[in-house]
Amino acid sequence: MVASELRALAPAETLSPEDFAAQVEALVLRLGERLRRGGFGTHASLRRGSTGNFVEHRPYHPGDEIRWLDWRVLARSDRYRIREREHESRLRCDLLLDRSMSMHYPLDRPREAKLAYAARLLAALAALAHAQGDSVSLYLADDEVEVLPRGAFDALHFAGHWMKGDPRRSGHTRLQTCLESLATLLPKGGLLVLASDLLDPDPHALLPLRLLRTRALRVVVLHLLHPEERELPALGLRPFIDLEEGGELLVDTAAQAQSYARAMKDFLEQCRRACEGAAVDYFPVSTGEDAFDVLSRLLAELGRART
């Protein structure tokens, strides 16, 4: 696991839900031209409707229209199940945001935090998808997977979910458990985008990607790291804290720069290989990049068929 520098825990600046919503709106406006050119393209996908071939049942979630409940299943088993049907015109997007403790780095600069950056990316994707009539489901992951209510996407409402709670009390995301849980929630087909720093001490954390790939037509992992995590800053002797587990360590950054660079290179390579081995698109992202540039590249990649 990559350690994060110990800084003051009281944030020097804040990010309000209103600020976040304004950032997302500005980002979506900049991407409008790409959307008008057909940013996501047309894919075989799932949507609710009275026509099309029946594909499978999935669990009912708040916000689903009750007219698509399978009343026979309810009568037999007392379980609420939605009937999914196949269409060719709409894409279904499932978007998962990792909101574990390490994603809050840097704690004292919440506007720069990986979590805020990842949330902007996913919020912009959700807004673009809704604008062209696609179906979007949002999930949050820390110590468990939370399914957000479905319906028309609203960045302000989304901010109220991912910003809730004290970041210093956020859980440690057990990626393997969360990804396995997500696989049970996903209907078949569509696009799945995961935004995470992938910081997990379990060497098997990404194994469920293979299972997710059997559920989604395409899976994309946005691997986010802060520039200070990618390259150890030359700060001399400084205290560091593991934001997930809470351990502290005094580090001579100059002496450890080379070994840290090797460890980071190995970590990135392990993540890339795990994704490629599961036939999943691996998309490394530095939070120092302009979110518009990142999404432009991502949309261009999504427009190409996966080989």
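Visitor: Leaving aside its neighbours within four places in sequence, which residues is Thr-253 in contact with?

Guide: A word on the model before the answer. It's a predicted one, where local features need pLDDT of at least 70 and side-chain atom pairs count only at pLDDT 80 or more, while totals for chains, interfaces and linings use all residues. Residues are numbered from 1 along each chain as its sequence is written, and side-chain values use heavy atoms, with hydrogens and water left out.

Now, Thr-253: with those neighbours set aside, it touches Leu-232, Pro-233, Ala-234, Leu-235, Gly-236 and Phe-240, where contact means heavy atoms within 4.5 Å. The Thr-253 side chain also reaches the backbone nitrogen of Gly-236 at 2.8 Å. Thr-253 counts as buried because its relative accessibility is 1%; the cut-off for buried is under 20% relative accessible area, with a 1.4 Å probe and protein chains only. Across the chain, buried residues make up 49% of the 307.

Thr-253 sits in helix α9, residues 253-277. The chain has 10 helices and 12 strands, taken as DSSP runs (H or I, at least four residues, for helices; E, at least two, for strands) and numbered from the N terminus.

Moving on to the sheet: six strands make an open, mixed one in the order β7-β6-β5-β8-β9-β12, and strands count as paired if DSSP finds at least two bridges between them. β7 (145-147) and β12 (281-286) are the edge strands with a single partner each, so one side of each lacks a neighbour in the sheet. From one strand to the next, the twist averages 20°. Even so, β12 is largely enclosed by the rest of the structure, because five of its six residues are buried. Its pairing with β9 is parallel, over six bridges, and Val-221 has Tyr-282 in β12 as its bridge partner. β5 (residues 92-98) and β8 (residues 191-196) are also parallel, over five bridges, with Cys-93 bridged to Leu-191 in β8.

Two helices pack here as well. Helix α6 (residues 175-185) touches β5, β6 (135-141), β7 and β8, its direction making about 35° with that of β7. Helix α10 (residues 291-302) lies across β8, β9 (218-225) and β12, running at about 170° to β12. Those angles, on a 0 to 180 degrees scale, are between N-to-C directions of lines fitted to C-alpha atoms, for helices over the stretch in contact.

How values were computed
Buried < 20%, exposed > 50% of the residue type's maximum accessible area, 1.4 Å probe, protein only. Polar contact = N/O pair within 3.5 Å; in protein donor to acceptor, adjacent residues only side chain to side chain.
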